[in-house]
Amino acid sequence: MSATVTGMVEPAYLSAIRESYDRVADAYVGIAPARFATDALGRGMLAAFAELVRANGPLPVADLGCGPGHVTAHLDSLGVPAFGMDLSPRMVEIARETYPALRFEVGSMTALDLPEGQLGGIVAWWSIHHLPRAALPTVFAGFHRALAHGGSLLVGFHVGDEELRPEQAYGHPVSYRTQLLSPDTVADLLHDAGLVVTASLVQEPVEGLTRPQACLLARRPAHPT
Ligand SMILES: C[S@@+](CC[C@H](N)C(=O)[O-])C[C@H]1O[C@@H](n2cnc3c(N)ncnc32)[C@H](O)[C@@H]1O
């Protein structure tokens, strides 16, 4: 555990993520949006997600772990009212500078400060993999709580079963860990949180990456009629 500037005590893994992404943010923004622009299948899942969100009403969508904001902006271009949240203040600063018309906040998906049942959707696009596996049940329970009935969740992650401890990323030292996950494990955890998995996509490694990538679509069940 370590203390934040506000005096709150937080797990050391959150401090490591924040400090690491603050350090790599300026390099990251030169790489990730261009890779996203060529990720046809991932963008297809986002298009399906946006269509489902729009069909469920004009409710906001949270892009959790939004990084420099390009996925938030893409969601906005798909006609859903999206805002971004990230643990790294430097990532949020870049997102605000790049997309001044959109809302971005500093915060953690491990402690969502959102009213219950008000979101039409949540996207966690390559942002859950630095959390310890043991934190995921609580995080997914928070997603379930924040989603409206019928709301959609789209989560993307690196496939595998080991925990990596990289020393460098994007040309800078990092201290976070990377937890690789199997689609079945994530689907089981989502199910346990009360979410219904409706689709999954596994892509073989794309250029610049060494591992398959998975993307699961889920929803909070609609109110029983
Ligand atoms: C690999 S980047 C992905 C950024 C963006 N979603 C994208 O697709 O390029 C991971 C991001 O997740 C953020 N992140 C990690 N853990 C988080 C948490 N607990 N709450 C909010 N953001 C988190 C990091 O700060 C970082 O910006």
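Here are some friendly notes on the structure above, point by point.

1. First, the ground rules. This is a predicted model, in which local features need pLDDT of at least 70 and side-chain atom pairs count only at pLDDT 80 or more, while totals for chains, interfaces and linings use all residues. Residues are numbered from 1 along each chain as its sequence is written, and side-chain values use heavy atoms, with hydrogens and water left out.

2. Overall form. The protein has seven helices and 13 strands; helices (H or I, at least four residues) and strands (E, at least two) are DSSP runs, numbered from the N terminus. Its C-alpha trace spans about 50 × 40 × 35 Å along the principal axes.

3. Burial and surface. Of the 225 residues, 48% are buried; here buried means under 20% relative accessible area, exposed over 50%, and partly exposed in between (1.4 Å probe, protein chains only). The accessible surface comes to about 10,500 Å², and carbon and sulfur atoms hold 55% of it. These areas come from the Shrake-Rupley method with a 1.4 Å probe, and for residues only the protein chains shown count as cover.

4. Contacts and charges. Taking contacts (heavy atoms within 4.5 Å) between residues at least 6 apart in sequence, 68% join residues at least 24 apart. The mean positions of the 15 positive and 23 negative charges are 3 Å apart. Lys and Arg count as positive and Asp and Glu as negative, with His and the chain ends not counted; each charge is placed at NZ of Lys, CZ of Arg, CG of Asp or CD of Glu.

5. In E6 (residues 119–125), seven of its seven residues are buried. Strand E3 (residues 61–64) runs parallel to E6 and is joined to it by three bridges, with Val61 partnered by Gly121. Six bridges link E6 to strand E7 (residues 147–158), again in parallel, and there Val123 stands opposite Leu154. Strands are taken to pair if DSSP finds at least two bridges between them.

6. Val155 sits in E7. With a relative accessible area of 0%, Val155 is buried. Leaving aside residues up to four places away in sequence, Val155 touches Ala124, Ile128, Val186, Leu190, Ala214, Cys215 and Leu216. The C-alpha atoms of Val155 and Ala214 are separated by 8.2 Å, although the two residues are 59 residues apart along the chain.

7. Two backbone angles deserve a glance. Trp126, in the loop between E6 and helix H6 (136–146), has phi near 55°, a positive value in a residue other than glycine. Tyr170 also has phi near 55°, and Tyr170 lies in the loop between strand E9 (168–169) and strand E10 (172–173). Trp126 is buried at 15% relative accessible area, whereas Tyr170 counts as partly exposed at 30%.

8. Last, Gln179. This residue belongs to strand E11 (residues 178–179). Is Gln179 buried or exposed? Gln179 is buried because its relative accessible area is 13%. Beyond residues up to four places away in sequence, Gln179 touches His129, Leu131, Arg133, Asp161, Glu162 and Glu163.
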